[in-house]
Amino acid sequence: MSSREQFSSKLGFMLAAAGSAVGIGAIWKFPYMAGSNGGSVFILLFIACIFLISLPVLIAEFMIGRRGQADAVTTFKEQAPSTPWFAVGILGTVVSALILSFYSVVGGWILSYLVRALTFSVRPEAGQTYETLFATVIESPWQMILAHGGFMLLTILIVQAGIKSGIEKAGKIMMPALFVFFIILVVRSLTLDGAMEGVRFMFVPDWSHLTWETVLLALGQAFFTLSVGISIMITYASYLGKNENIGGTGVNVAAMNIFISLLAGLVIFPAVFAFGFEPDQGPGLVFVILPAVFEQIPFGSFFLIIFFILLLFATITSAISLLEMVVSTVIGKRGVSRARTAWIVGIFIFLLGIPSALSFGSLSHITIFGRSFFDLVDFVTNNIGMPLGALFISIFVGYYYSKQVSQTELNVSPVWYSIWRVLIRYVAPVAIIVIFIQGIS
Ligand code: PHE
């Protein structure tokens, strides 16, 4: 095992973990989920779910992974021999593959928009609106399959390159650039006429939206955005040296994510209200609003190109963590080639994603339990797979690990340790079970 690659620095790991976490979850999904579920109430619930549930589980995954120094399935097998705990790793692998299958479709939307931005055709033509433009893009079957394939290809190429040269490098450059860009956009959006309405939508609670379903969706978003519950962070932490501060890293990743989510909201919602769009239009929200905001900025078409490039990067750093998780499980201890496995798994996931890619076009008439393929995969992974995985992980670290082990692993002051321990043993599991049962029924 000594030949196993490691991250070259603490910062490298943090940025890679943050790279996995910060993606279209914060930039695309958060605004549209908030927009469709009452704004401020959803945002409050989301932040509470992060600190009380998702962050403690994130730290637990870091612990399991760093202790294990192997892929998730092997790790569970070694830490809990002759028990079914390894199934948690398998669940994570399956859910990761499913998430990537639709994540890549959204990655494809971004690619398509980038190509349009490069050819200056993001503006609606006469008789078209930003909404109809978006619909035209996602409805065209071949373009969607091509874009989804192109996105998977980029993801495979990076994972094939391995940890240091691929995953770590990507995170180091792209994440900071994205940050800077968002700040500029927030300033523009907030200075639009009528922007305050959007700020109010985000921060003044309308309690009529407080339902169990909203809580479940907020919980799902809190897991999705931190990439928690499906052993991804176990996999990443397995490349981590023994003396890193995992508690601090977890807090940083969570804080960064909330910050980017709120920034995304502060770009989107003021513009939504200033331009008279609807906040609850679903997955198209960001694709409709952003081009409209950029139109209001000097050199907007140029900045739009840069923005889509950065967004694409943020999406890829998350996608590679999903692919890496599946690839590392398949490689396991078999010693098969990383590159070949990355290709085979990647192509399989591409095929798996085709129904989702066609969900808005040629397959839009097919629904299962009232949802399109795309929505179904999204819902099942996000609101069932991730909470279940997180529940098992909290029980594993909270009860299966001895107090001494978790104390040594976490290595923080007694007060912080006690807080974390209460959260992981009681708050997280109970909350997940209650929200899950209420939200589903
Ligand atoms: N956290 C990523 C995002 O917000 C999505 C993701 C989910 C990545 C699960 C890995 C695992 O975009």
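Residues are classed by relative accessible area, where buried means under 20%, exposed means over 50% and partly exposed lies in between, computed with a 1.4 Å probe and with protein chains only. The model is a predicted one, in which local features need pLDDT of at least 70 and side-chain atom pairs count only at pLDDT 80 or more, whereas totals for chains, interfaces and linings use all residues. Residues are numbered from 1 along each chain as its sequence is written, and side-chain values use heavy atoms, with hydrogens and water left out. Secondary-structure elements are DSSP runs numbered from the N terminus, with helices (H or I) of at least four residues and strands (E) of at least two.

Salt bridges are considered next. Side chains of opposite charge can pair when their charged atoms come close. With a salt bridge taken as a side-chain nitrogen of Lys or Arg within 4 Å of a carboxyl oxygen of Asp or Glu, the count comes to 5. In one of these, the side chains of R66 and E409 meet with an N to O distance of 3.2 Å; because R66 belongs to helix 3 (residues 40–68) and E409 to helix 17 (residues 403–410), the pair ties together parts that are 343 residues apart in sequence. E409 also meets the side chain of R67 in a salt bridge, at 3.7 Å from N to O, and since R67 lies in helix 3 and E409 in helix 17, this pair ties together parts that are 342 residues apart in sequence. R66 is buried, with a relative accessible area of 3%, and E409 likewise counts as buried, at 10%, whereas R67 is partly exposed at 38%.

A further salt bridge links R200 with E197, their closest N and O atoms being 3.0 Å apart. Both residues lie in helix 9, where they are separated by 3 residues, or about one turn of the helix. R200 is partly exposed, with a relative accessible area of 46%, and E197 is partly exposed as well, at 39%.

The ligand is surrounded by 16 residues, of which the closest are A21, G25, Y103, F224 and S227, a residue being near a molecule or strand if one of its heavy atoms lies within 4 Å of it. Polar contacts are pairs of N or O atoms within 3.5 Å; within protein, one atom must be able to donate a hydrogen and the other to accept it, and residues adjacent in sequence count only if both atoms are side-chain atoms. A nitrogen atom of the ligand is placed 3.0 Å from an N or O atom in the side chain of S227, and backbone polar atoms also take part: that of S20 is 3.2 Å from a ligand nitrogen atom, while that of I24 is 3.1 Å from a ligand oxygen atom.

Buried positions were examined in two helices. S261, in helix 12 (residues 246–274), counts as buried at 0% relative accessibility. A polar atom of the S261 side chain lies 2.8 Å from the backbone oxygen of N257; leaving aside neighbours within four places in sequence, S261 is in contact (heavy atoms within 4.5 Å) with A26, F30, F46 and T225. In helix 13 (residues 285–295), 10 of the 11 residues are buried, so this helix is largely enclosed by the rest of the structure; among the buried residues are L285, F287, P291 and F294.

Several loop positions complete the description. Q69, in the loop between helix 3 and helix 4 (72–79), has a positive phi of about 50° although it is not a glycine, and it is buried, with a relative accessible area of 18%. S82, found in the loop between helix 4 and helix 5 (86–118), has a positive phi of about 55° and is not a glycine either, but it counts as exposed at 82% relative accessibility. D193, in the loop between helix 8 (163–190) and helix 9 (196–203), is exposed at 71%.
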